[in-house]
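I opened my notebook to write down what I looked up in this structure.

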Amino acid sequence: MGTPGQNDVTSEEFKLMAEHAGLGLAREELENLKPLYDIYFEYIKLLHSIDLRAQEIGVTFHPD
């Protein structure tokens with residue numbers, strides 16, 4: 001299911017992920033949501049492929 005290097009998540013894997021998350025979606029809802037998941041999955045893969053090296057941000061909080 002959606003491991004690094006894997007291109008696509010099958011409809012059955014998507015159904016299992018939704019069940020694991022406790023979403024309780026009907027088959028029709030899953031079919032409507034799957035294309036959106038596929039689009040965002042591609043964007044997420046792009047974000048994870050960026051190597052920021054030493055320029056990665058470190059978030060700090062300074063209360064004033």
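What share of the 64 residues in the protein chain is buried? I found that buried residues make up 11% of them. Here buried means under 20% relative accessible area, exposed means over 50%, and partly exposed lies in between, with a 1.4 Å probe and protein chains only.

A note on the source: this is a predicted model, in which local features need pLDDT of at least 70 and side-chain atom pairs count only at pLDDT 80 or more, while totals for chains, interfaces and linings use all residues. Residues are numbered from 1 along each chain as its sequence is written, and side-chain values use heavy atoms, with hydrogens and water left out.

**Entry: overall make-up.** I looked up the secondary structure and got 2 helices and 0 strands for the protein chain. Both terms refer to DSSP runs, numbered from the N terminus: helices are H or I with at least four residues, strands are E with at least two. The protein chain exposes about 5,900 Å², and carbon and sulfur atoms supply 58% of that area. Such areas come from the Shrake-Rupley method with a 1.4 Å probe; for residues, only the protein chains shown count as cover.

**Entry: helix α1.** Which residues are buried in helix α1? In this helix, residues 11–20, I noted Glu 13, Phe 14 and Ala 18. Seen down the axis of α1, its buried residues fall within an arc of 140 degrees, so they line one face of the helix. The arc is taken from the directions from the helix axis to the C-beta atoms. I then checked what this face meets: the buried residues of α1 pack against α2, where contact means heavy atoms within 4.5 Å. After α1 comes Gly 22, with a positive phi near 75 degrees.

**Entry: salt bridges.** I counted 4 salt bridges in the structure, each one a side-chain nitrogen of Lys or Arg within 4 Å of a carboxyl oxygen of Asp or Glu. I followed up some of them.

- Arg 27 pairs with Glu 31, with the closest N and O atoms 2.7 Å apart. The two are 4 residues apart in helix α2 (residues 27–49), which means about one helical turn between them. Arg 27 is exposed at 60% relative accessibility, whereas Glu 31 is partly exposed at 47%.
- Asp 38 and Lys 34 meet at 2.7 Å, N to O. They also lie in helix α2, 4 residues apart. Asp 38 is partly exposed at 28%.
- Lys 45 bridges to Glu 42 at 3.2 Å between the closest N and O atoms. Both sit in helix α2, 3 residues apart. Lys 45 is partly exposed at 29%, and so is Glu 42 at 37%.

**Entry: Lys 34.** Is Lys 34 buried or exposed? I got 11% relative accessibility, so Lys 34 counts as buried. Leaving aside neighbours within four places in sequence, Lys 34 is in contact with Val 9, Thr 10, Ser 11 and Phe 14. Phe 14 is also one of the buried residues of α1.

**Entry: a nonpolar patch.** Leu 33, Leu 36, Ile 39, Tyr 40, Tyr 43, Ile 44 and Leu 46 make a nonpolar patch of about 710 Å². Patches take residues with over 30% relative accessible area and no salt bridge, joining like charges within 9 Å and nonpolar side chains (Val, Leu, Ile, Met, Phe, Trp, Tyr) within 5 Å. I placed Tyr 43 in helix α2.
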